[in-house]
Amino acid sequence: MAGRSFSMTPRAVPKVRTKYRRIVTKIPAPSTIPVLKELRDYEPISMTGQPPILWDHAEGVQVYDNAGNMWLDWSSGVLVTGAGHGRKEIIDAICAQAKKKLLHNYCFPSAERAKLVHRLVEISPKKFAKAFLLTTGAETTECAIKLMRTHGIKVGGRKKIGIVSFERAFHGRTMGSQQIGGSAAGKDWIVNLDKDIFQVPFPDGFWNEDTSFDSFLKSLKKQGRSPANIAGVILETYQGHGASFAPKAYMQKLSKWCAKHKIVLTCDEVQAGFGRTGKLFGFEHYGIVPDLACFGKGISSSLPISAILGRKDLMDLYPPGSMTSTHTGSPIPAAATLANIDIVMKEKLWLNAAKVGAVMEKEFLKLQKRFPSRIGSVQGKGLVFGLHMTNGHKKADFDLAFRVVERCIEKGLLMFAPVGACTIKICPPLITNKEQALDGCKILEEALVEVLAEGA
Ligand SMILES: Cc1ncc(COP(=O)(O)O)c(C=O)c1O
């Protein structure tokens, strides 16, 4: 639930000096207030949603301000720094590329872009024959909408343009990506929504207990939709708002149904890709390969870059010059991404995510057992979790989630603001080890116990 800011008034908190965390000032640190104020004065209010700690530098699994405080990171920025913050290999690649004196080349050919699209296709399932580089995640989901519809028109005429997405979905904040999003509030401003973009329930198993594929078909029927009018289905490989996965059987049936009806299936892997879920690609959990996949965030562990990959016939739908972007494969982000992919592949970061994630999940489930009415659901895989905070059976409690995050920050555990209606999202860098993970779990428990004792 958007709309709540953290307090900017420095608050005295107990000092912390441990191996992974250091809190030595009031929070927010008084000396950082002028910069925080400058941001509040000159940026839109919409930018004030995150905890007011000033990021000065970040390395490995830790983030530092310039007032002597150090946080153990459970945010990875926003699921970006999978390989850890400030990886030397990535910094070296960025510096080398800058020194080579190629900072920009638009769609003119470059070796950097060639190497990156080749590498992306090489590490992907065979079905993905081509890669198109963009800058943000939202651009990739916009591009997916365009390709799904274009394909629908090609194979089924101008009536085959429907795009199915999911309730509670998030695919970005541009016009098309918000329309495929599952938040009514998020797209209220559009007013005249495209009637051929519509949502069905997401089978997360907690908020929506019907996880059968039949529920998908029933929802289409109820909305008067038929496969002949549907061009594509797009879904997050796991839903970001709650780290919620669909059942494997559901996804396999969905994939078969799409293929049968010449409907393009797109997995939005912007969060899930590059090891986050304990597999290199999140869709591997389902034993499927979609027709298109969108990537961003953890693709570079650093600089802004994104990519859409997919079937050759889909990726080649547009003639020369008509599906391009000013910064496609920008050389420095491309170099950073190549270095990141080398790290992910060499260190098999998804394996560490699976191993350490299993340790964390056990701790979260123990905590849920202790507070069953306050942690309604623990969802996630690998190193991404959503703790759905409640106050009674399925009664979302945003205030509890917010206060726990705030308390964790004060104790040196960094998380971003709760997402959705009540979810504490946990997504440490994929290099996090067991000791670091358990340290964070202990702090989360302390924070929850304290906040509940204070009457939350
Ligand atoms: C699943 C998913 N898709 C798309 C996006 C949009 O990415 P960006 O913010 O880079 O536009 C996000 C961002 O959080 C996301 O989580």
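I will go through this predicted model from the whole chain down to one strand, and then to the ligand.

Start with the chain. There are 13 helices and 18 strands in it. The radius of gyration is 22 Å, close to the 23 Å that the globule rule gives for 456 residues, so the chain is as compact as a globular protein of that length. Along the principal axes, the C-alpha trace spans about 65 × 60 × 45 Å. Of the 456 residues, 50% count as buried. If you take the contacts with a separation of 6 or more, 73% of them are between residues 24 or more positions apart.

Next, the domains. The chain is divided in two: domain 1 is 16-86 + 349-453, and domain 2 is 88-347. Their centres, taken over C-alpha atoms, are separated by 27 Å.

Strand E16 covers residues 384-389, and six of its six residues are buried. Val384, Gly386 and His388 point one way from the strand, while Phe385, Leu387 and Met389 point the other way; the residues on both faces are buried.

What does E16 pair with? One partner is strand E15, residues 375-381, in the antiparallel sense over six bridges. In that pairing Ile375 stands opposite Met389 of E16. E15 and E16 form a hairpin with two residues between the strands, and Gly382 there takes a positive phi near 60°. Another partner is strand E18, residues 423-426, again antiparallel, over four bridges. Here Phe385 has Ile426 in E18 as its bridge partner.

Last, the ligand. Which residues come nearest to it? Of the 13 residues around the ligand, they are Thr136, Gly137, Ala138, Gly172 and Val270. Helix H5, residues 137-156, gives the most to this shell, with three residues. Sorted by class, the shell has three nonpolar, eight polar and two charged residues.

To recap: the chain has two domains, E16 is a mostly covered strand that pairs with E15 and with E18, and helix H5 gives the most to the ligand shell.

Methods:
Residues numbered from 1 in each chain as written. Predicted model: local features only at pLDDT ≥ 70, side-chain atom pairs only at ≥ 80, totals over all residues. Near = placed C-beta within 6 Å. Nonpolar A, V, L, I, M, F, W, Y, C, P; charged D, E, K, R; others polar. Buried ≥ 20, exposed ≤ 12 C-beta atoms within 10 Å, placed from the backbone. Pairing = 2+ DSSP bridges. Rg over C-alpha atoms; globule rule 2.2 N^0.38 Å. Contact = placed C-beta atoms within 7 Å. Domains from an automatic or database assignment.
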